[in-house]
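Here are my notes for your first look at this entry. Keep the viewer open as you read.

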Amino acid sequence: MMSILAVLLENMGCSCSRPHSFNEADTEENVQAAEIERRIAQETKAEQHIHKLLLLGAGESGKSTIFKQIKLLFQNGFDAAELRSYTSVIHANVYQTIKILYDGAKELAQSESNSSILYDEAKELPQSESNSSKYEISPENKEIGEKLSEIGSRLDYPLLTKELANEIKILWEDAAIQETYSHGNILQVPDCAQYFMENLERLSEVDYVPTKDDVLNARVRTTGVVEIQFSPVGENRKSGEVYRLYDVGGQRNERRKWIHLFEGVTAVIFCAAISEYDQMAFEDEKKNRMMDTKELFEWVLNQACFEKTSFMLFLNKFDIFEKKVQKVPLSVCEWFKDYQPMASGKQEVEHAYEFVKKKFEELYFQSSKPDRVDRVFKIYRTTALDQKLVKKTFKLVDETLRRRNLIEAGLL
Amino acid sequence: MAHCAITGACPSDYVAVAISLLSLILLIVRALLPFISKKGPKVKISGVWLMIAQIVGSISLILSLVMSINFLTLKHKDPWRSCYIWAVWAEGPFGFGLLMSCRIVRAFQLYHVFVKRRLPPIRPSVLLTLILIPWIGGAAFLHMNKPLNHRCHMRTQWVIPIVCIHGFYLAALIGITRTVHHIEFRFHEFKDLLQGIIVSSVAIALWIGAYVLNEVHEDISWIQVCSRFLLLVTASVLVLVFFSMSLSQPLSYQISLRKRESSKVMTMRQALGIPESRLIIQTTTASAIDLNQPLDKLLENKRFRHSFMVFADSCLAGESVHFYEEVHELSNIPVDDPVRRIYMARHIIEKYIAAGAEMEINISHRTRQEILGTPDLTHPDLFNCAVAEVMQLMKTNLAREFWSSMQFVKFKEENSKQLHNMEPAGWDCSERVSCVRCTDDPFNQEHLQHCSSGNQYNV
């Protein structure tokens, strides 16, 4: 009991929580001690209801999107000022995306022409005049491309005007760019690329205010730690369940900061983007993202602080996974190399998903020591952009945590 | 007396062995002292292995002298007493060779960084192994041919090539040192190299002298005893002098060593003597700063930057602001001072860019590789891409919440003369974590983890 108290008292140093004042000027010692005890018990009971949730996962796995969804669902959502503040972010995403695609197309065209020159030399064939690679951008669009690439490398991006939006659209529709996009797994193309490119006209309106969906799709690389406190409003409003949710950055350098958050965690929501099995990490292009997630998950599971912590694994980006698994086989990822495709179409997707889920389950049971078998472990299929699905998923998470809470308190 | 000259264990021998033991202990103490005395910054093994290699080399060299020149009476056929282990292997590849190679590796690194202005292409451990290969080859060759007699002496025709290889490495060290002699180092690197050259030349001269005396006057016992004694004592002293702390420490650690008296850690800027930016003089007299400017303009103001830095540290995102500040300091060094620029650039790379660095920033792989593989460390645009990415991070993550944070309110109070229009829209608790009471600054890691797993995640 005293150790729990010590831990709670330590966590209570926050200026956001209620202040913690003892009145120590009472005369009778016994009355004073009893009063203090009563207050401690009260505060403890109140604090015990604040459950600490951590959103962990590799870079671009969807943690911040889930965080935004929770804000939308259980807090006051986004007010007009906050929505408008996302305009610059969305415009930045557009510029960055088109720059990545243009530079990527140039590089791919260059490397293809290099290898074809080498091939011609090796075979002693006459070098063909027009090494027209499929990544070669048409000449009339090259100028636009150079201009947009220069804009994308500035510190401050210009406002997205109709003119610029048109140019971006022209470049986006170039065959080479489309080809580059379909082979975009070796580049660092954000997932929101398609969505924003299709909505360019709307984004470049003079009085553009981002919609909820725009905000959810916007890509912001998180650094440091963000938190919110919320209460999932259930049927019983007096339940007093309060959650404090922490969002972190997922890149390798951000992971050294996670350790500061590991104490007293009720549940870890680990986000794994299952659509990234053929992509490389942002901070290390030699590392496959799925392998990175696998190692990270293992590391998190083995943390000493998480002995009694529940684990909710969100297998995220299912919508992208659905489309990708039919074009790119799962076996390109080393972890999934024993995958055998069975059918095609919808069944194939389900089969692939079940395979991935099984792999994660195996990993969990391999990595968990025998004394930790009684901790809760649940897997959820999510698409963080889908509000209804996230709401449903979180309801299930909430139920699970409440049940576990009651079990802990010995009431079940 | 005549007896002990041949079998060893004369009184002078024991004295010499005691002195050598003392010098080894002093050496180890000298090496470990900075780590024990002050709470210096954590130094990883990868940072100090050159120092460990030096210690191993020194011990090995002394031991080889002791064991191979009959200082102690041990039974002849004792496996410990094998001449080849001590006189060949311990003296060559693991003794003198190792010591010289460490110095050569260091000189090579300095040459690469300061003369060719790029980061060394080969990792120092690989380079050290490569340089040691001739020694290992020579030792193996000797071991196979077994030219040593039972007193661990060899004939003149074998000694000449051995002296040659010792001299060759010394010449290589002198050669590389000459290429950097025109650089104005700031942390005694050149003095260390010179010291190494002088010490090794003296050692070789002594060794040749002792050998000649021993061979020429083999029958005069007091010469034997004397030369033995002198050889071991001077070798012990030289080994102690040869040892250099600065070979492998990260530069910031060296700075903290120099300022051992003052408790605060010196920044690199102070250590290099870079003057503070002139902008500070301007902004302290200006009445108010225009808070409507974009973030990159605002960050040029020192007080704003510090307030922002404190806020960022509290949200565990401080490394971006620290990086921005140090790059700003780098840009204050004039272009015609390449040596200081190189020191600062190397410091920034070690602290913020290298994978696994203590305050590694969040940049893309491509940007990182461009910086690490740059052909010119003094280039003024070296960190531009990284700064652009970091600025984007700061704008999208930190800027909005800064306006409603405690640090900003304090800043406005201090800047209260003529405030520009912006009133904070009712300050409520910032979304950024205010509960986590720890900074991202590794120098102040007093925050104890009760149940930390101990090792940082370093994939």
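Predicted model: local features only at pLDDT ≥ 70, side-chain atom pairs only at ≥ 80, totals over all residues.

The points below take up an annotated site, a helix residue and a helix pair.

1. Now the annotated site. An unreviewed UniProt entry gives the feature "binding site" at A:Ser64 and A:Thr222. The two are spread over 159 residues of sequence, yet they cluster in space, with a largest C-alpha distance of 7.4 Å.

2. Find A:Ser64 in helix H3 of chain A, residues 63-74. Beyond its neighbours within four places in sequence, A:Ser64 contacts A:Thr222 and A:Asp247.

3. A:Thr222 sits in the loop between helix H10 (212-217) and strand E2 (225-230) of chain A. Its relative accessible area is 10%, under the 20% cut-off, so A:Thr222 counts as buried. The side chains of A:Thr222 and A:Ser64 make a polar contact at 2.6 Å. Leaving aside neighbours within four places in sequence, the contacts of A:Thr222 include A:Asp247, A:Glu254, B:Asn362 and B:Asn397.

4. Next, look at A:Asn93 in helix H4 of chain A, residues 80-123. Is A:Asn93 buried or exposed? It is buried, with a relative accessible area of 3%.

5. Last, a helix pair in chain A. H12 (residues 318-325) packs on H13 (residues 346-367) at about 120°, with axes 9 Å apart. The crossing of H12(A) and H13(A) is right-handed. Among the residues in contact are A:Phe318 and A:Phe321 of H12(A), and A:Val349 and A:Tyr353 of H13(A). By class, this contact has seven nonpolar, three charged and no polar residues.

Definitions and conventions: Residues numbered from 1 in each chain as written. Chains lettered and ligands numbered in written order. Heavy atoms only, no water. Axes fitted to C-alpha atoms, helices over the stretch in contact; angles between N-to-C directions. Helix = DSSP H or I, 4+ residues; strand = E, 2+ residues; numbered from the N terminus. Left-handed = near helix turned anticlockwise from the far one by under 90°. Contact = heavy atoms within 4.5 Å. Nonpolar A, V, L, I, M, F, W, Y, C, P; charged D, E, K, R; others polar. Buried < 20%, exposed > 50% of the residue type's maximum accessible area, 1.4 Å probe, protein only. UniProt positions renumbered as here; feature names shortened; annotations may be inferred. Polar contact = N/O pair within 3.5 Å; in protein donor to acceptor, adjacent residues only side chain to side chain.
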